[in-house]
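Here are some friendly notes to read alongside the model. Keep the structure open and look up each residue as you go.

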Amino acid sequence: MLWIKALHIVFIASWFAGLFYLPRIFVNLAMVAPGSVAERERLLLMSRKLYRFMTILAIPALLLGLWLWLYVGIGQGQGWMHAKLLIVLALLGYHHSCGVLLRKFEQGQMQRSHVWFRWFNEAPVLMMVAAVMLVVVKPF
């Protein structure tokens, strides 16, 4: 069980690295001057590769977490786990929204400012803090 838990933490940390960095690339994309085609294409390429990589990292993170919950029994029937699962669903939604935003950038349809993306970038930080507090403190 400790091996599974350790791998779960590694994949979660790796997935979060992508969730933290991709919106930072979006900040830069939102600031690209209209005539800077090479800069825009470079940032789009970075975004596509990172989104693909963080999606690959999310899959084992989720599968290992399900294994710990369903087969090992960690958190079964406990309120903190239900709250954590809601955060995981929110993170999956955030991940998906990053993909939607990336497609809008690729199609040249993005209307949001770099300031909006700076605020958007804070959401996974807050979700991570909440999830860690729930797992460590188990307040209910």
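1. Start with the largest pocket, which holds about 740 Å³ of space. A pocket here is an open set of points on a 1 Å grid over the protein atoms alone, where a 1.4 Å probe fits and protein lies on both sides within 12 Å along at least five of seven lines; lining residues have an atom within 4 Å of a point. The volume is the space filled by probe spheres set on the points, with grid points joined across faces, edges and corners. Rolling a probe the size of a water molecule over the atoms shows where empty space is left.

2. A word on the source: this is a predicted model, in which local features need pLDDT of at least 70 and side-chain atom pairs count only at pLDDT 80 or more, while totals for chains, interfaces and linings use all residues. Residues are numbered from 1 along each chain as its sequence is written, and side-chain values use heavy atoms, with hydrogens and water left out.

3. By type, the lining has 24 nonpolar, 2 polar and 3 charged residues. Nonpolar covers Ala, Val, Leu, Ile, Met, Phe, Trp, Tyr, Cys and Pro; charged covers Asp, Glu, Lys and Arg; the others, Gly among them, are polar.

4. The second largest pocket has a volume of about 180 Å³. Its lining includes L29, P34, R40, F105 and R112, and divides into 7 nonpolar, 3 polar and 2 charged residues.

5. Now the overall fold: the chain has 5 helices and 0 strands, giving the pattern α-α-α-α-α along the sequence. Helices (H or I, at least four residues) and strands (E, at least two) are DSSP runs, numbered from the N terminus. The C-alpha atoms fill a box of roughly 55 × 25 × 20 Å along the principal axes.

6. Of the 140 residues, 34% count as buried. Buried means under 20% relative accessible area, exposed over 50%, and partly exposed in between (1.4 Å probe, protein chains only). Beyond its neighbours within four places in sequence, F26 is in contact (heavy atoms within 4.5 Å) with S47, C98, L101, L102, F105 and F117.

7. Setting aside neighbours within four places in sequence, N121 is in contact with L19, F20, P23, R24 and Y94.

8. Finally, there are 2 salt bridges, each a side-chain nitrogen of Lys or Arg within 4 Å of a carboxyl oxygen of Asp or Glu. In one, E106 pairs with R48, their closest N and O atoms being 3.0 Å apart. This pair links distant parts of the chain, 58 residues apart, with E106 in α3 and R48 in α2. R40 and E41 form a salt bridge too (3.3 Å, N to O).
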